[in-house]
Amino acid sequence: MRDVAAAGAPTGPRVLPRNDPRQYDDLAGEWWRPDGAFAMLHWLAEARAALVPPATRPDALLVDLGCGAGLLAPHLAGKGYRHVGVDLTRSALVQAAEHGVLVVQGDATAVPLPDGCADVVSAGELLEHVPAWPRAVAEACRLLRPGGVLVLDTLNDTALARLVAVRIAERLPTVPRGIHDPQLFVDSRTLVAECARHGVDLRLRGIRPQVGGMLAWLLRRVRASRTAGAVPTGRAPRIVPTRSTAVLYQGRGVRKG
């Protein structure tokens with residue numbers, strides 16, 4: 001809920017600290033706009049879902065930590081999972097439920113689900129928003145049954161990531177200001193070691209939006225912004241592998257047992 005303005009004071013968007021969860025309430029109307037503030041999360045959800053194998057048993061469960069408004073759901077269709085989404089933000093969970101996700105309001109560092117309940121755990125664009133991200137990793141691994149699959153993507157704790165994801169990206173009209181706190185970015189080597197502590201052998205690869213597709217999409221956005229009510233049309237940029245994990249990277253691992 002927005003702060004109540006003092007009587008007679010002008011109203012407008014509130015200014016929040018970086019990485020403040022209340023931003024997601026303020027941006028609630030953006031989740032399912034393909035050209036909105038969370039457009040890149042749609043592209044990343046598609047890429048993450050490609051790492052999820054088809055279910056191998058009836059009633060297979062996928063736990064989606066930091067599910068937001070359920071952007072992963074369309075890309076899981078036909079894979080055979082019950083999709084449970086966990087998030088702190090109620091306004092996002094309402095939308096996730098409308099897209100078929102079984103929602104749980106909760107913290108990724110203390111998930112109210114039993115040990116070994118999940119065939120797959122997804123942690124997409126989550127860890128860089130969690131001050132105690134090793135606890136979120138421990139929870140993700142705890143939820144996995146032996147042989148279960150962990151899939152994730154996050155931002156690396158590097159000077160290049162801070163430059164690209166904050167200084168440059170937040171100058172673009174497509175990225176909300178202050179959505180990331182660069183102090184929380186996740187060192188890739190530390191993440192691999194943390195997963196190994198909990199029995200998950202995590203393999204990483206760098207990812208990025210396809211350059212040509214990204215430039216074409218930005219151009220469509222600029223053109224649409226000049227015409228009231230216009231919506232950019234055309235294919236969304238694809239997320240593609242890259243050699244470097246220095247900015248954005250994706251991980252997949254299997255729990256031993």
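Predicted model: local features only at pLDDT ≥ 70, side-chain atom pairs only at ≥ 80, totals over all residues.
Local features require pLDDT of at least 70 and side-chain atom pairs count only at pLDDT 80 or more, while totals for chains, interfaces and linings use all residues. Residues are numbered from 1 along each chain as its sequence is written, and side-chain values use heavy atoms, with hydrogens and water left out.

**Exercise 1.** Determine how many salt bridges the model contains.

*Solution.* The criterion is a side-chain nitrogen of Lys or Arg within 4 Å of a carboxyl oxygen of Asp or Glu. Under this rule the count is 13 salt bridges.

**Exercise 2.** Characterise the pairing of Asp-119 with Arg-57.

*Solution.* Step one: the N to O distance in this salt bridge is 2.7 Å. Step two: Asp-119 belongs to strand E4 (residues 118–124), whereas Arg-57 sits in the loop between helix H2 (39–49) and strand E1 (61–65), so that distant parts of the chain, 62 residues apart, are linked. Helices (H or I, at least four residues) and strands (E, at least two) are DSSP runs numbered from the N terminus. Step three: Asp-119 is buried at 9% relative accessibility, and Arg-57 is partly exposed at 31%. Here buried means under 20% relative accessible area, exposed over 50%, and partly exposed in between (1.4 Å probe, protein chains only).

**Exercise 3.** Locate the salt bridge between Arg-142 and Glu-139.

*Solution.* The closest N and O atoms are 2.8 Å apart. Both residues lie in helix H5 (residues 133–143), three residues apart, about one turn of the helix. Glu-139 is buried, with 11% relative accessibility.
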